[in-house]
Amino acid sequence: MGDRYNIHSQLEHLQSKYIGTGHADTTKFEWLVNQQRDSCTSYMGHFDLLNFFAISENEAKARVRFNLMERMLQPCGPPPEKPED
């Protein structure tokens, strides 16, 4: 029983420390937005991937980085309307 509580408290600590790990009330939209933003930041952080995208799109690296940053604003479109309770 104590081991289960320990694992649960560690999971709660990770969820409070890192936004992308989610929590019990995370919606599908929020989870998808976190996934898209994590992917874009990973692409910008890995120089070789950025070079690959720039060559494949025939764009400058700065333009590809700018496009990725623009896509991070609303990666999955506008948020859905929340139902009124």
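Author: Let's start at Asn-58, which sits in the loop between H3 and H4. Keep in mind that this is a predicted model.

Reader: OK, what's the phi of Asn-58?

Author: Positive, about 55°, although Asn-58 is not a glycine.

Reader: And is Asn-58 buried or exposed?

Author: Exposed, with a relative accessibility of 69%. The cut-off for that label is over 50%.

Reader: Now the helices on either side. At what angle do H3 and H4 pack?

Author: About 105°, and their axes are 9 Å apart. Angles of 65 to 115 degrees count as roughly perpendicular, so that is how H3 and H4 are arranged.

Reader: Which residues in H3 and H4 meet?

Author: From H3 you have Phe-47, Leu-50, Asn-51, Phe-53, Ala-54 and Glu-57. On the H4 side, they meet Lys-61, Val-64, Arg-65 and Leu-68.

Reader: How do the residues of that contact divide into nonpolar, polar and charged?

Author: Six are nonpolar, one is polar and three are charged.

Reader: Let me pick one. What does Leu-50 touch, leaving out residues up to four places away in sequence?

Author: Leu-50 touches Tyr-43, Lys-61, Val-64, Arg-65 and Leu-68.

Reader: Which residues make up the largest nonpolar core?

Author: There are seven: Cys-40, Met-44, Leu-50, Phe-53, Ala-54, Val-64 and Leu-68. Helices H2 (28–45), H3 (47–57) and H4 (61–71) each supply at least two of the core residues.

Reader: Where does the largest share of this core come from?

Author: From H3, which gives three residues. As a general point, nonpolar side chains in soluble globular proteins tend to be buried together.

Reader: Is Cys-40 buried or exposed?

Author: Buried, with a relative accessible area of 1%. Cys-40 is also one of the residues of that largest nonpolar core.

Reader: And what does Cys-76 count as, in terms of relative accessibility?

Author: Partly exposed, at 31%.

Conventions. Residues are numbered from 1 along each chain as its sequence is written. This is a predicted model: local features need pLDDT of at least 70, side-chain atom pairs count only at pLDDT 80 or more; totals for chains, interfaces and linings use all residues. Side-chain values use heavy atoms; hydrogens and water are left out. A nonpolar core is a set of buried Ala, Val, Leu, Ile, Met, Phe, Trp, Tyr and Cys residues joined through side-chain atoms within 4.5 Å. Buried means under 20% relative accessible area, exposed over 50%, partly exposed in between (1.4 Å probe, protein chains only). Helices (H or I, at least four residues) and strands (E, at least two) are DSSP runs, numbered from the N terminus. Contact means heavy atoms within 4.5 Å. Axes are lines fitted to C-alpha atoms, for helices over the stretch in contact, and angles run from 0 to 180 degrees between N-to-C directions. Angles under 35 degrees count as roughly parallel, over 145 as roughly antiparallel, 65 to 115 as roughly perpendicular and the rest as oblique. Ala, Val, Leu, Ile, Met, Phe, Trp, Tyr, Cys and Pro count as nonpolar, Asp, Glu, Lys and Arg as charged, and the others, Gly among them, as polar.
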